[in-house]
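I opened my notebook for a walk through this one. Here is what I looked up, in the order I looked it up.

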Amino acid sequence: MIRHPLAWGAWTAAALAAAFIDRNPYLQALLLLVVINVFVPYRGGRRAGTWKFALALALVPILFSAALSRFGEHVLFTLPAIPIIGGRWTLDAVAFGASTGLALLLTVAVFGILQTTVRSADVVAILPRPLYRAGTTVALALAFAPKTLAAFQSIREARQLRGQRTGWRSTPALLLPLLLTTLERALQYGESLDARGFGSGRRSRYRPLRWTVPDLIVVIASLTAIVAIAVLPAVPYNPYLELTPSVPYPDRLLAVALLAVPAFVASLSRVDHAPHHA
Amino acid sequence: MTFTTAARLSAAGAAAMAAALLATHPVHAAVHHAALVIQHSSGSLIARCVAFAEEQITGLQLVDRSGVQYEAQTFGSVGSAICQLDREPSTVPSGCFGSGPYWQYFHRQGGGWQTSAFGASSSVLRDGDMDGWRYAVGPNLAPGNVAFASVCGPPSPAATATATHVAQAPNRASALPVATATPPTSLEAQAPSASPQANAVLTSTGPPREPPKPAAMGPWLAFGGMAILLLALGAINLRRRGP
């Protein structure tokens, strides 16, 4: 399994390059397949939380493009002269919106994978020494928001179990326990940092993060894909000029398929049910 | 000017080559025609007919083959823009467009002019199409009405390319009809043009059309194979780690 944050960083950069540069529907479909493939072995029991948001991002451009664009030759239907949306609705505009929406969906999905796979503790562990303290502080602060949200939800559930009202009028009764819980957690953070000797002399390392062969393979594959995507001639797709997309050349398909290497590595590694990725 | 000389020479060369091609393959050449109308800010009109052998050419190729002097600037993947046509403006503004009037681009559709949705390097002209350029500021200032037949003659297969110069009196420029179905302007006087009077240019043609290639199966096979491999990989990972 791939764990090193830099390997995932390289993979993310390559996948984003493919998502931004390639607007050919065949390449986009292949990239979507690759992204789903990478998500499956690394999801670690989590469900995809942002898929509704990503789907909305993919659908809104279709609606906007179809409603506002009047260009194209393949007319679906013609509305009477209503301001803004009146006129010809074309298949070309729908295809253009779908192409843009798919690019947005891919971008959100790639960042979703980065969020699922990279642990903030690993990122802090590979930070160079001058950035170590600032990095730890930022990581703690970033972890604070979801923890607070979880505390808020558990307090609300506890109130519901006691049969108390849950409307917006109950907000003051919720805020006080939330404030107390948050203060308590802040004190706990401070004590645990103290106990680990944070900020006193040399930085200690517990289970240092090492580069493994699969990590290196992913980095090499990602860099190759970035170079290939940037250098090989892109296959443009402009539905207003030509509605039917052309099939890209095999070398460009191969560049996108290289991004599936993390999924391939995961399929080779031993199945490990220990919950050390919690 | 070296550019126009070179353009004239190359156009003459292309014309000679095309003439040779036409002489050896008289049946092969289905010559197509497209018309070009340029209206200066002074109101004077230039009309050119361009013959081409391909199925379609771009608007930029049409300007290029008409022999009218022009300067274009490439904007990366967006395409090219015409900055200067027939020596107007006298110097190319920085950034191609400047802040005042610019060359507006129109297509002839039906009996009127329609603003082009694409730049000149992306628009497509087929046989019988007509492009219009007007140097103006403000929206929807189309060139004067000129019929295709008055530039290229009635559509007949034997028609050779003709050049027609149309002039409007400069003081009539503001009264020009804007993209309406009025009858075509009568072609009266010769307009002085800064571009070379190229007779040879007008017969210039592109390379002969190649027969259509059979659809290549390679990319399709590669795409299908990769999709199947990825699906198999996903199935393996799902099985190993549970759904």
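**Entry: where the chains touch.** I started with the contact between the two chains, bearing in mind that the model is predicted. On the chain B side I found 17 residues in contact with 22 residues of chain A. I then sorted the chain B side by class: 11 of its residues are nonpolar, four are polar and two are charged.

**Entry: chain B as a whole.** How many helices and strands does chain B have? I noted four helices and 10 strands. Read from the N terminus, the order in chain B is α-β-β-β-α-β-β-β-β-β-β-α-β-α. Chain B has 243 residues, and 32% of them count as buried. I also looked at how far apart in sequence its contacts reach. Taking contacts in chain B between residues at least 6 apart, I found that 68% join residues at least 24 apart.

**Entry: a helix pair in chain A.** Next I turned to helix α6 (residues 132-161) and helix α7 (residues 171-195) of chain A, whose axes come within 10 Å and cross at roughly 140 degrees. The crossing of α6(A) past α7(A) is right-handed.

Which residues meet where α6(A) and α7(A) touch? From α6(A) I listed L140(A), K147(A), T148(A), A151(A), F152(A), I155(A) and R156(A). From α7(A) they meet L174(A), P177(A), L178(A), T181(A), T182(A), R185(A) and Y189(A). By class, I noted eight nonpolar, three polar and three charged residues in the contact of α6(A) with α7(A).

**Entry: the cores.** I went looking for the largest nonpolar core and found one of 50 residues. Its members that touch the most other members are V34(A), V35(A), V256(A), L259(A) and A260(A).

I then followed L259(A). Setting aside neighbours within four places in sequence, L259(A) is in contact with W11(A), A14(A), A15(A), A18(A), V34(A) and A225(A). Apart from this core I found another, of 36 residues, which includes F52(B), Y135(B), V151(B) and C152(B).

- The peptide bond from E88(B) to P89(B) is cis, with omega near -10 degrees. P89(B) sits in the loop between β5 (80-85) and β6 (102-109) of chain B.
- D86(B) is found in the loop between β5 and β6 of chain B too. Its phi is positive, near 50 degrees, though D86(B) is not a glycine.
- I84(A), also not a glycine, has a positive phi of about 70 degrees. I found I84(A) in the loop between β1 (75-79) and β2 (87-90) of chain A.

Are D86(B) and I84(A) buried or exposed? D86(B) is buried, because 20 other C-beta atoms lie within 10 Å. I84(A) counts as exposed, because it has 7 C-beta neighbours inside 10 Å.

Methods:
Residues numbered from 1 in each chain as written. Chains lettered and ligands numbered in written order. Predicted model: local features only at pLDDT ≥ 70, side-chain atom pairs only at ≥ 80, totals over all residues. Helix = DSSP H or I, 4+ residues; strand = E, 2+ residues; numbered from the N terminus. Buried ≥ 20, exposed ≤ 12 C-beta atoms within 10 Å, placed from the backbone. Contact = placed C-beta atoms within 7 Å. Nonpolar A, V, L, I, M, F, W, Y, C, P; charged D, E, K, R; others polar. Axes fitted to C-alpha atoms, helices over the stretch in contact; angles between N-to-C directions. Left-handed = near helix turned anticlockwise from the far one by under 90°. Core = buried A, V, L, I, M, F, W, Y, C linked by C-beta atoms within 7 Å.
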